[in-house]
Amino acid sequence: MGGSVLARLVIVSNRVATPKERAAKAGGLAVALREALNKRGGLWFGWSGETEVDPPAAPKLTKSGRVSYALLTLDPEEQRAHYAGYANGTLWPLCHYRLGALSFRRSDWEAYRRVNAAFAAALMPLLKADDIVWVHDYHFIPLGTELRALGFEGRIGYFHHIPWPTPEVFYSLPSHAALVRDLSHYDLVGLQTEHDVRALLTYVSAEAKGWIGPGGVVGMQGRRFRVVAYPIGIDVDTFARDATAAELSEDTRRLHASLAGRTLAIGVDRLDYSKGLPNKFSAFENLLERYPEHRSEVTMMQIAPVSRGEVAEYRALRRELEESAGAINGRYAEFDWVPLRYLNKPFPRPTLAAIYRAARLGLVTPLRDGMNLVAKEYVAAQDPKDPGVLVLSRFAGAADELSGALIVNPYDVEGMAEAFDLALRMPREERIARWTENMDKVKACTIHDWCDGFLADLAKSELVASDDEPRHVHHPAARRRSVN
Ligand code: GDG
């Protein structure tokens with residue numbers, strides 16, 4: 001496009017997918033963001049993945065094609081308190097409705113703010129007045145506030161990849177008011193689902209005494225911003241192509257040889273307590289117990305790459321799952337069949353695509369999930385003439401769209417086992433009908449639509465932030481008393 005008028009894009013995320021990361025390893029999100037940066041020319045800014053006592057205040061700069069990278073190194077104790085402490089010890093459990101796992105320390109909260117201030121100070125000298133800044137995820141909620149304090153007046157958007165909790169849950173966070181005030185410094189706040197938008201807007205009107213206008217416009221404490229749902233998607237075409245190509249791959253040959261004609265059920269989740277893995281294992285055990293006809297006939301494979309091993313809850317979960325997998329296999333394995341294959345390492349994306357396609361069941365049963373891309377990848381990878389069945393938790397954001405899935409409550413282990421049984425017996429015609437319904441939804445909102453949709457709305461947002469109340473505003477009738 002000659003003489004492009006697109007403003008430069010600046011993406012901020014905790015981890016940055018630098019060009020060194022091979023395409024097969026980079027996730028769909030990383031690929032889409034890189035594409036958006038390439039299109040407009042841009043800067044990707046984030047943590048270097050390294051720590052150092054007395055780190056330099058300025059980021060390390062590199063460039064590849066039209067994209068520059070700026071990576072900041074952090075002090076080890078600051079990084080721990082920011083990442084393992086407040087981001088993953090407080091915000092992650094809070095947003096996943098796991099109040100029992102929530103720990104809050106003022107020192108972590110203060111470090112979280114200091115690290116955000118340090119990131120803003122390092123980014124500010126690199127910004128031009130008409131840049132569009134897109135901040136990703138809960139590690140950086142205060143970044144907009146800090147950039148505004150340093151005088152940046154351009155457009156800043158924020159996308160929250162994980163669920164936004166309902167007010168009663170959100171009130172458990174001692175710093176709830178400050179976090180929502182932080183959101184109000186963005187021009188556009190993107191959430192995964194309408195449910196998340198309602199949760200945040202209810203809080204804004206009830207607790208922050210804001211007003212809500214048409215199109216998700218919010219006025220609050222002297223500022224105006226928009227809150228809109230942008231359900232994230234996947235790169236459908238690439239995934240479907242990889243999965244089709246995989247039919248003839250060596251991976252697929254080895255997989256089928258190892259299954260010896262048995263049916264495969266697949267789960268792919270980071271080893272995270274939000275993903276409901278213990279309940280999924282119990283449901284599979286319950287299936288084998290109550291439906292003996294599936295014994296020796298079905299093999300479940302759970303790929304669960306280790307994640308956040310530095311946080312205590314994650315180490316405890318790993319031990320629990322090892323014990324559970326051992327118990328299931330000890331009880332049901334035969335000399336020629338192991339019911340549960342439990343793998344803690346990651347696989348290249350084409351291998352994942354091959355495994356999804358070979359699996360008659362896709363088991364996606366998180367206790368709570370912002371969207372869950374695995375559900376969409378599983379759908380995209382199926383053979384249209386003989387597709388598998390997606391079993392999906394009602395608490396995944398994807399359940400709003402994928403109405404062709406068998407929707408389950410992951411707390412109901414017996415109910416899940418019944419759904420697994422139903423899926424295993426489902427006739428081809430019904431599988432095709434359900435898959436077609438799901439595939440239409442997956443195609444209707446790809447990762448590219450998501451990226452373009454958010455950026456187009458951010459570019460359109462008004463630059464004058466004032467909370468003058470427009471006509472036709474919505475004031476929910478029930479206002480609650482202020483709670484701290
Ligand atoms: C957060 C939110 C939201 C997994 N194992 C391997 C592998 N993966 C890839 C999957 C998928 C991605 O990782 C996981 O995405 P999810 O969406 O399932 O979950 P989170 O990591 O928790 O992501 C979530 C998402 O952000 C996007 O907004 O949907 O709700 O929690 O793409 O395929 N990739 C490879 N090897 C593996 O072993 N290559």
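**Inside the model**

A: The largest cavity has a volume of about 50 Å³. This is a predicted model. Searching the whole structure turns up one cavity of 30 Å³ or more. How is such a space found? Rolling a probe the size of a water molecule over the atoms shows where empty space is left.

Residues lining the largest cavity include Y378, V379, G388, V389, L390 and W435. Also among them are G404, R431, R434 and N438. The largest share, four residues, comes from α15. Sorted by class, the lining has five nonpolar, three polar and two charged residues.

Next, the ligand. Its shell has 22 residues, and the closest are H161, F347, D369, L373 and E377. Helix α13 (373-380) supplies at least two residues of this shell, and so does α12 (349-358). By class, the shell has 13 nonpolar, four polar and five charged residues.

Look at the backbone there. A polar backbone atom of G370 is 3.0 Å from an oxygen atom of the ligand. For M371, a polar backbone atom is 2.9 Å from a ligand oxygen. For L373, a backbone N or O atom lies 2.8 Å from an oxygen atom of the ligand. Taken alone, the ligand exposes 730 Å², and the protein buries 85% of that.

Where does the ligand lie overall? Domain 1 (2-233 + 448-460) and domain 2 (236-444) both give residues to the shell, so the ligand lies between them.

Technical notes:
Residues are numbered from 1 along each chain as its sequence is written. This is a predicted model: local features need pLDDT of at least 70, side-chain atom pairs count only at pLDDT 80 or more; totals for chains, interfaces and linings use all residues. Side-chain values use heavy atoms; hydrogens and water are left out. A residue is near a molecule or strand if one of its heavy atoms lies within 4 Å of it. A polar contact is a pair of N or O atoms within 3.5 Å; within protein, one must be able to donate a hydrogen and the other to accept it, and residues adjacent in sequence count only if both atoms are side-chain atoms. Accessible areas come from the Shrake-Rupley method with a 1.4 Å probe; for residues, only the protein chains shown count as cover. Ala, Val, Leu, Ile, Met, Phe, Trp, Tyr, Cys and Pro count as nonpolar, Asp, Glu, Lys and Arg as charged, and the others, Gly among them, as polar. Domain bounds come from an automatic or database domain assignment. On a 1 Å grid over the protein atoms alone, a cavity is a set of points where a 1.4 Å probe fits but cannot get out, and a pocket is an open set with protein on both sides within 12 Å along at least five of seven lines; lining residues have an atom within 4 Å of a point. Grid points are joined across faces, edges and corners, and a volume is the space filled by probe spheres set on the points.
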